[in-house]
Amino acid sequence: MDLVIGPLDLSAHVDEALAVQAVAFGLGADEVAVRRHIVLRHMTYPGARAFGATVAGLLVGFVYGMPNDRTHWWSTVVEPYLRAQGHDQWLDDSFVITELHVHPRHQNRGIGRALITTITDGAAEPRSILSAIDTDSPARGLYHSLGYQDLARQVLFPSAPRPYAVMGAPLPLRRRGPGMDFRPWRPPG
């Protein structure tokens, strides 16, 4: 597998990325159309950035995020849940992982781990936060293995059919042993 992890111009490749997300997350055409507008808006926020995973030039996974801002929609929804658990300070000085998806045919190969560690390694913030469906899943297992802890559970987002967990981790993320089978992106120079 010739996997390459590198910066992704998500605005230019939004349709490719959302095609991966649609398969990985089971989204229909209407949901993809709504998410397209959200992704394009997010990419205009200060500090927003994305990385992609390609195999033979084909996008098979992506991650994007940004420094958290308490005025953003996601923060306003999760803040009461975090405050109730005594964790609302996590909304400050955090890099939020907005989306992380890997095509199902390429999952369980370390691609998600490579994407999230690559994007957070470049964060200026001392910690990272994210939300994930609140179930025992491979995604939550990955996040726990990287050092993310549950900050709030059973978080309800409007129109989401299932509850989410909000998770946080200090940066840099915990690493597993040697032998990562991808070429990490390094800035030029």
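Is S159 buried or exposed? S159 counts as exposed, at 79% relative accessibility. Exposed means over 50% relative accessible area, buried under 20%, and partly exposed in between (1.4 Å probe, protein chains only).

This is a predicted model, in which local features need pLDDT of at least 70, side-chain atom pairs count only at pLDDT 80 or more, and totals for chains, interfaces and linings use all residues. Residues are numbered from 1 along each chain as its sequence is written, and side-chain values use heavy atoms, with hydrogens and water left out.

**Overall composition**

UniProt lists residues 3-172 for "domain: N-acetyltransferase", in an unreviewed entry. UniProt positions are given in the numbering used here, feature names are shortened, and annotations may be inferred rather than shown by experiment. Over residues 3-172 the chain is 34% helix and 31% strand. The end C-alpha atoms of that range are 23 Å apart. Helices (H or I, at least four residues) and strands (E, at least two) are DSSP runs, numbered from the N terminus.

**Strand β3 and its partners**

Strand β3 covers residues 58-67. Eight of its ten residues are buried, so β3 is largely enclosed by the rest of the structure. Strand β2 (residues 49-55) pairs with β3 in the antiparallel sense, over seven bridges. Two strands pair if DSSP finds at least two bridges between them. A50 stands opposite Y64 in β3. Strand β4 (residues 94-102) also runs antiparallel to β3, and seven bridges join them. There, M66 has V96 in β4 as its bridge partner. In a regular strand the side chains alternate between the two faces of the sheet.

The hairpin of β2 and β3 has two residues between the strands. A56 lies in this loop. Its phi is near 50°, a positive value in a residue other than glycine. A56 counts as exposed, at 74% relative accessibility.

**Helix α4**

Helix α4 spans residues 111-121. Ten of its eleven residues are buried. Among them are I111, R113, L115, I116 and I119. The buried residues of α4 pack against β1 (3-7), β2, β3, β4, β5 and α5. Contact here means heavy atoms within 4.5 Å.

**Salt bridges**

The structure holds ten salt bridges. A salt bridge is a side-chain nitrogen of Lys or Arg within 4 Å of a carboxyl oxygen of Asp or Glu.

| Pair | Closest N and O atoms |
|---|---|
| E99 and R35 | 3.6 Å |
| R70 and D88 | 3.8 Å |
| D134 and R153 | 2.6 Å |

E99 forms a salt bridge with R35. E99 lies in strand β4 and R35 in helix α2 (residues 29-42), so the pair ties together parts that are 64 residues apart in sequence. E99 is buried, with a relative accessible area of 18%. R35 counts as partly exposed, at 22%.

R70 forms a salt bridge with D88. R70 lies in the loop between β3 and α3 (73-84) and D88 in the loop between α3 and β4, so the pair ties together parts that are 18 residues apart in sequence. R70 is partly exposed, with a relative accessible area of 31%. D88 is partly exposed at 23%.

D134 forms a salt bridge with R153. D134 lies in the loop between β5 (127-133) and α5 (138-145) and R153 in strand β6 (residues 149-155), so the pair ties together parts that are 19 residues apart in sequence. D134 is buried at 10% relative accessible area, whereas R153 is partly exposed at 44%. D134, R140, D150 and R153 are linked in a network of salt bridges.

**The largest pocket**

The largest pocket has a volume of about 1,800 Å³. A pocket is an open set of points on a 1 Å grid over the protein atoms alone, where a 1.4 Å probe fits, with protein on both sides within 12 Å along at least five of seven lines; lining residues have an atom within 4 Å of a point. Grid points are joined across faces, edges and corners, and a volume is the space filled by probe spheres set on the points.

The lining comprises 50 residues. F25, R35, E99, H101 and Y164 lie nearest the pocket centre. R35 and E99 are also salt-bridge partners. α1 (14-25), α2, β3, α3, β4, α4, β5 and α5 each supply at least two residues of the lining.

**Backbone details**

S159 is found in the loop between β6 and β7. S159 has a positive phi of about 70°, although it is not a glycine. A cis peptide bond joins L171 and P172, with omega about 0°. P172 lies in the segment after β7 (164-170).
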